[in-house]
Amino acid sequence: MKLYLVIPCYNEEAVLPETSKRLREKYDALMGAGKIGADSKIVFVNDGSKDRTWEMICELHRANPVFRGICLSRNKGHQNALMAGLMTVKDECDAAISLDADLQDDINAIDAMVDKYTEGYEVVYGVRSSRKKDTFFKRTTAQGFYKLMKGMGVETVYNHADYRLMSRRALEALSEFDEVNLFLRGIVPLVGFKSTEVTYERGERFAGESKYPLKKMIAFAMEGITSMSIKPIRMIATLGMLVFLASIGVLIYSIVRKIMGDTVEGWAFLAVSIWALGGVQLLAIGVIGEYIGKIYMETKHRPKYIVSEYLTDD
């Protein structure tokens with residue numbers, strides 16, 4: 001089996017020395033056990049880093065051919081960098097595993113993923129066994145994210161990020177998804193094929209800092225919802241109908257009060273109604289505008305990424 005690891009990197013000079021060391025040791029063990037072939041590779045994808053990440057990847061490649069490097073022409077974000085790596089290597093490998101450079105995802109789960117692949121599974125999801133090590137805020141927001149995605153009709157794997165194995169056939173199918181607005185956690189389940197899960201305990205980041213602060217996490221959630229679901233628009237339509245029905249109720253109430261001779265001014269009620277309806281309208285316009293913006297970006301057919309350099313054995 002020819003296995004490739006695909007690892008997006010953005011300003012990861014602090015973790016690369018230890019990450020490359022651990023991954024090389026893991027590959028040596030897998031090769032020694034006969035689980036993967038000697039032509040398997042570890043591929044780092046430089047996502048427009050501003051530090052020495054690409055220089056270090058080049059040094060790793062020169063020192064050991066098991067390491068390869070893909071350099072994007074500019075920063076395109078984690079999802080695009082991951083897609084760039086997978087699409088670049090899909091014709092060279094039997095299967096590819098994607099994971100983050102900080103190795104918080106336990107690399108020992110690679111053994112189980114490879115075993116599942118040999119059993120005939122085309123997609124193997126790495127799923128966290130628990131979130132005990134997370135802060136209360138992180139645990140709560142993460143669980144809320146998955147519940148929100150499920151409520152919006154987006155098919156995702158609970159407690160799974162982007163740590164997964166995909167066979168060459170699954171990668172070929174993934175390449176058919178040509179949308180610009182990428183949300184791989186929602187797209188990969190749509191690929192289909194025989195799939196399963198392996199569980200692991202997520203560790204602490206041993207160096208560097210997280211590339212997903214709260215602001216990016218919220219943006220990522222919005223990207224996932226608006227890329228994979230039209231439920232927000234349907235919710236707006238439902239809300240509009242409810243407001244319309246409520247307005248009829250208020251009209252009937254006003255007529256009844258008029259007949260009864262109780263003609264109270266009601267300026268506060270009128271003002272609140274205007275503000276409420278105005279807020280609903282602005283919210284509706286914003287959500288619809290988000291979808292129109294995505295349509296606008298899709299119609300341009302701009303490339304999701306541009307590979308400026310690919311370090312191979314040649």
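**Burial and packing in a predicted model**

Student: Where is D47 placed in this predicted model?

Tutor: The model is a predicted one. D47 sits in a loop, with strand 2 (41-46) and helix 2 (53-63) as the elements on either side. The place asked for is therefore the loop between strand 2 and helix 2.

Student: Is D47 buried or exposed?

Tutor: Buried means under 20% relative accessible area. The relative accessibility of D47 is 4%, so D47 counts as buried.

Student: Which backbone nitrogen does the side chain of D47 reach?

Tutor: Not counting residues up to four places away in sequence, D47 touches several residues, among them R74, N75, K76, G77 and H78. For one of these, the side chain of D47 reaches the backbone nitrogen at 3.1 Å. That residue is G77.

Student: Why do the buried residues of helix 4 lie on the same side?

Tutor: In helix 4 (residues 109-118), the buried residues are A109, I110, M113 and V114. They lie on the same side of helix 4 because the arc they cover around the axis is only 145°.

Student: Which strands and helix do the buried residues of helix 4 pack against?

Tutor: The helix in question is helix 1 (16-32). The strands are strand 1 (3-9), strand 4 (95-98), strand 5 (123-128), strand 6 (160-167) and strand 7.

Student: Is T196 buried or exposed?

Tutor: T196 lies in strand 7 (residues 195-200). Leaving aside neighbours within four places in sequence, T196 is in contact with K116, Y121, V123, V124 and Y125. Its relative accessibility is 17%, so T196 counts as buried.

Key: Residues numbered from 1 in each chain as written. Predicted model: local features only at pLDDT ≥ 70, side-chain atom pairs only at ≥ 80, totals over all residues. Heavy atoms only, no water. Helix = DSSP H or I, 4+ residues; strand = E, 2+ residues; numbered from the N terminus. Buried < 20%, exposed > 50% of the residue type's maximum accessible area, 1.4 Å probe, protein only. Contact = heavy atoms within 4.5 Å. Arc of directions from axis to C-beta. Polar contact = N/O pair within 3.5 Å; in protein donor to acceptor, adjacent residues only side chain to side chain.
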